[in-house]
Amino acid sequence: MSVSAEPTSVDPRRNGSAPADTRPADTLRPHAEHAFADELAALAAQDDRPRPARWRLSPWAVATYLLGGTLPDGTVVTPKYVGPRRVVEVAVTTLATDRALLLLGVPGTAKTWVSEHLAAAVSGDSTLLVQGTAGTPEEAIRYGWNYARLIAQGPSREALVPSPVMRAMAEGRTARVEELTRIPADVQDSLITVLSEKTLPIPELGQEVQAVRGFNVIATANDRDRGVNELSSALRRRFNTVVLPLPETAEAEVDIVSRRVEQIGRSLDLPAVPDGIDEIRRVVTVFRELRDGVTADGRTKLKSPSGTLSTAEAISVVTGGLALAAHFGDGVLRAGDVASGILGAVVRDPAADRVVWQEYLETVVRERQGWADFYRACREVGA
């Protein structure tokens, strides 16, 4: 027996219209569809290209939303992802087919960020999310039960609690599964039937939910962290894998960090990023050199610490530094504001990483012209 997929709620997220903007005015971290609602509306108004079933925008407009650009009416769409255009185009095209999308990359390559913005642009709703952890149960992907109703009435549709994936199937929307490789292998495999047959059986009721057009899944994963559960070959075949690379150049990474810190800073009333662009460039340089194991000029080989030193960690270091500058300084980001954050990001293993950091300070930072203030600040926090 097949269950009707038509939702009955009057929630606009469930009837294809724009999601209700019911967030408080002081929301710390609004969802992408709210934070960039004006850009999404402008794109939708000028988007005359074919749209897949239940998509809010055409694939071209979704790519423009992520990569940025200027629309015919002069509206500027800010880039959400700074990287190879083809990566975004392949990801968007995958979602327009019946293949699920797996965003793969080392920590800090904006997998979650891209996933959220893709879902917001495609479905107008980025909140159908399963957060993967070692304790994620099968119910988070399939469905659970309201046990009070289950005991009182027995198995019924009213007692069933749909997962984000089940809701996405019924509503023709995009579900997100974050950190897929952190989910236990047997729970991961509950996605196989969903992705291959586009059906979610409910054996307790002798029913099933069939996905309506527009449904798809975006998953993210990395294979560097501890606690990773490898995907089965059967599950991996159900995904089209797109690898998100690290920023190719230092300037590209500086641009990414500056943009993201500026967005975060506005919500926290922190100083403007341009006041600290030189320190942002230093943070990025340090992270890239230690990550790559060689100085920017290629002349000096370096030991790399145990951490990933990702772009996301650079954003965190700069944001923390801006907060220090705002609350305990003159509002201008300086070397002393980022030094402790860099030390915390680099020295994860107190024994091995501290040796790596001290060697880098004495052989590279100390001799680098114009970096004397940075060297002193790092020496002070590391003393």
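## The largest pocket

In this predicted model, 33 residues line the largest pocket, and G108, T109, A110, W113 and A312 lie nearest its centre. Here a pocket is an open set of points on a 1 Å grid over the protein atoms alone, where a 1.4 Å probe fits, with protein on both sides within 12 Å along at least five of seven lines; lining residues have an atom within 4 Å of a point. The space in this pocket comes to about 730 Å³, a volume being the space filled by probe spheres set on the grid points.

Where does the lining come from? Helices α5 (111–123), α11 (250–268) and α13 each give at least two residues, and α11 has the largest share, with 6 residues. Helices are DSSP runs (H or I, at least four residues), and strands are runs of E (at least two). By class, the lining holds 15 nonpolar, 9 polar and 9 charged residues.

## α12 against α13

Helix α12 (residues 277–292) packs with α13 (residues 311–328) at an angle of about 145°, and the axes are 10 Å apart. Axes are lines fitted to C-alpha atoms over the stretch in contact, with angles from 0 to 180 degrees between N-to-C directions. From α12 come I280, V283, F287 and R291, which meet T311, E313, A314, V317 and V318 of α13; contact means heavy atoms within 4.5 Å.

## Around E179

E179 sits in the loop between β8 (174–178) and α8 (185–188). Leaving out residues up to four places away in sequence, E179 touches Q131, G132, T220 and N222.

## Notes

Residues are numbered from 1 along each chain as its sequence is written, and side-chain values use heavy atoms, without hydrogens or water. Local features need pLDDT of at least 70 and side-chain atom pairs count only at pLDDT 80 or more, while totals for chains, interfaces and linings use all residues.

Notes:
Ala, Val, Leu, Ile, Met, Phe, Trp, Tyr, Cys and Pro count as nonpolar, Asp, Glu, Lys and Arg as charged, and the others, Gly among them, as polar.
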